[in-house]
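I opened the notebook to record what I looked up in this structure. The entries follow in the order I made them.

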Amino acid sequence: MREYPRLILDLKKLKNNVNAVGELCHKNGITCAVVIKGFNGIEQATKCILDQDVDMIATSRLEQFEEVAGYKPKIPRLMLRIPAISEIDDLLRLTDMSLVSEIDTLKAIEDRIESGKTAIAKGKKRIENGEKYKIILMQDLGDLREGFWDESELVAATRYITSEAKNLELVGIGTNLGCYGSIEATPQKMRELIALAKKLEIVAGKKLQYISGGGSTSLPLVANGKMPSEINMLRIGEGIAIAKDLPNLWDCHIDGLLDDIFMLKAEIIEIKEKPTYPQGNIKCDAFGFTPKYEDEGIRKRALVALGKLDVGYLELIEAEKGIKVVGASSDHTILDIEDAKRDLKVGDIIEFKLKYGAVAFATSRSDIACEIVD
Ligand SMILES: *Cc1c(COP(=O)(O)O)cnc(C)c1O
C-alpha cells in the first residue's frame with residue numbers, strides 16, 4: 001500500500017457535526033437520517049455515527065450497510081436510492097425503510113416478502129415477527145431526478161400500499177432537490193410537498209409519520225428559521241460529514257460545524273520554476289478537454305503524487321493558504337507554490353481540504369489509506 005496520498009479522518013470532529021446537526025434538527029421537530037454515502041460508508045465512521053444518539057442512518061448503496069448490519073441494529077436503516085428490483089432481497093435483509101417511486105417496485109417488494117418469507121426472514125427479525133417494510137413515496141418537485149410526477153400515480157401507489165399490500169407500511173412522503181436540476185429548496189417547494197402529504201393522508205386514512213423535505217440543500221431553511229413546521233424529516237450527508245456546501249454555496253453558517261473531518265495528504269515529487277503558459281500548439285489535455293491557461297510568467301510549481309483518479313477533479317480540493325491548485329491529470333496535480341507560506345522541498349507533504357466529490361472519490365479507492373484520529 002502506498003503511503004501517500006493518505007486520508008485523515010477525525011472521529012471527534014465527525015461526532016461534533018453529527019450532534020450539532022442532530023440538535024438543530026431536533027430543536028425544529030425534525031428527524032435526521034444521517035447519510036453515509038458521501039464517504040462510502042467506511043466502517044469506523046459509520047460506527048462512530050451509530051454510537052451517537054442518531055434517529056436513523058441512510059445510504060444509496062446497500063453494500064454500505066453490510067459491514068454494520070449487526071451493529072446497533074435497532075437504529076433504522078433507510079435506503080435512499082430508489083431500489084432496483086434485482087436487489088430486493090438485500091434491501092429486505094439490510095434495511096427497514098426505503099424511498100420508492102414505482103408501483104412495480106412496491107409490488108415486487110410485496111411479492112418477495114409474501115412468497116419468500118422464510119428465505120428472506122433469515123437474520124431479519126422484523127419479517128420473522130411479521131413487521132411491515134416501511135415505504136416513503138418520493139415526489140419530484142421539479143429537480144427532475146427521482147419521484148412521481150403525476151399526482152394520480154402517487155395516489156395510486158398510496159392506495160396500493162394502504163389497501164392491497166399486506167407487508168408494506170406507508171410511513172411518509174419525500175422529495176429531493178438540488179441534485180440534477182439544481183433546484184433550490186424554498187418554503188414554497190416545501191409547502192407543495194406538505195399539500196401533497198395532506199392529500200395522501202386522506203387517501204390513506206391515517207397521518208403520515210414523515211414528511212421528508214430533502215437533503216443538505218434543505219438544511220439552510222432550518223438554520224434560517226424558514227422551514228415550515230410540518231416538514232419533520234431530513235436526510236443529511238454533506239452537511240454533516242463535509243459541511244462545505246452550506247457556507248460556500250448557500251451562504252448559510254451553522255454554529256459549531258467543522259469542515260475538516262476528512263483531510264488528504266499528498267507528497268511533493270517535483271519542484272521547478274516553469275512558465276505558466278504551455279509552449280507549442282494547444283490541442284487538448286489528458287481527458288480530451290482544453291482548459292483556459294493564463295500567462296503569469298515564470299512561477300514556482302510543485303507536482304504532487306495525487307490525481308483525478310484519487311479525487312475526481314481539481315476544483316474539489318483546496319490546498320493550504322498560499323498554495324494554488326492549478327491543474328491535474330490522472331496521477332499528477334500541479335500546484336503553484338510561488339506564494340507558499342513555508343519553504344517546500346521534494347518529499348514534503350501538502351494537506352488538502354476536500355469537497356463532497358473529492359471525499360466520495362478518495363474514500364472509494366482501496367489504495368488510499370485512511371488514518372483515523374480520535
Ligand atoms: C444523497 C441523498 C441525500 C443526502 O444528500 P446530502 O447532500 O449528502 O445531504 C438525501 N436524499 C437522497 C435521495 C439522496 O440520494
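**Entry 1: helices H8 and H9.** I looked up how helix H8, residues 151-164, sits against helix H9, residues 187-204, in this predicted model. Their axes come within 9 Å and cross at roughly 40°.

**Entry 2: helices H1 and H2.** I kept to two values because two packed helices are described by the angle between their axes and the distance between the axes. Helix H1 covers residues 11-27 and helix H2 covers residues 43-50. I read an angle of about 40° and an axis separation of 10 Å for them. H1 and H2 are therefore oblique to each other. I wrote down their crossing as right-handed.

**Entry 3: the backbone.** Most residues other than glycine have a negative phi, and most peptide bonds are trans. Which peptide bond did I find to be cis? I found that the bond from tyrosine 4 to proline 5 is cis, with omega near 0°. Proline 5 belongs to the segment before strand S1, which spans 6-10.

I then listed positive phi values. Leucine 144 has one near 65°, and this residue is not a glycine. I located leucine 144 in the loop that links strand S6 (133-138) and H8. Aspartate 251 also has a positive phi, about 50°, without being a glycine. I placed aspartate 251 in the loop between helix H12 (245-250) and strand S10 (262-275).

**Entry 4: the ligand.** How many residues surround the ligand? I recorded 14, and the closest are Lys37, Ser216, Arg235, Gly237 and Glu238. By class, I sorted the shell into five nonpolar, four polar and five charged residues.

The side chain of arginine 235 has an N or O atom 2.9 Å from a nitrogen atom of the ligand. For the side chain of asparagine 176, I noted 3.3 Å between an N or O atom and a ligand nitrogen. Glutamate 238 takes part through its backbone: a polar atom there is 2.8 Å from an oxygen atom of the ligand. Last, I looked up the ligand's surface: taken alone it exposes 390 Å², and the protein buries 91% of that.

Conventions. Residues are numbered from 1 along each chain as its sequence is written. This is a predicted model: local features need pLDDT of at least 70, side-chain atom pairs count only at pLDDT 80 or more; totals for chains, interfaces and linings use all residues. Side-chain values use heavy atoms; hydrogens and water are left out. A residue is near a molecule or strand if one of its heavy atoms lies within 4 Å of it. A polar contact is a pair of N or O atoms within 3.5 Å; within protein, one must be able to donate a hydrogen and the other to accept it, and residues adjacent in sequence count only if both atoms are side-chain atoms. Accessible areas come from the Shrake-Rupley method with a 1.4 Å probe; for residues, only the protein chains shown count as cover. Ala, Val, Leu, Ile, Met, Phe, Trp, Tyr, Cys and Pro count as nonpolar, Asp, Glu, Lys and Arg as charged, and the others, Gly among them, as polar. Axes are lines fitted to C-alpha atoms, for helices over the stretch in contact, and angles run from 0 to 180 degrees between N-to-C directions. Helices (H or I, at least four residues) and strands (E, at least two) are DSSP runs, numbered from the N terminus. Angles under 35 degrees count as roughly parallel, over 145 as roughly antiparallel, 65 to 115 as roughly perpendicular and the rest as oblique. A crossing is left-handed if the near helix is turned anticlockwise from the far one by less than a right angle, and right-handed if clockwise.
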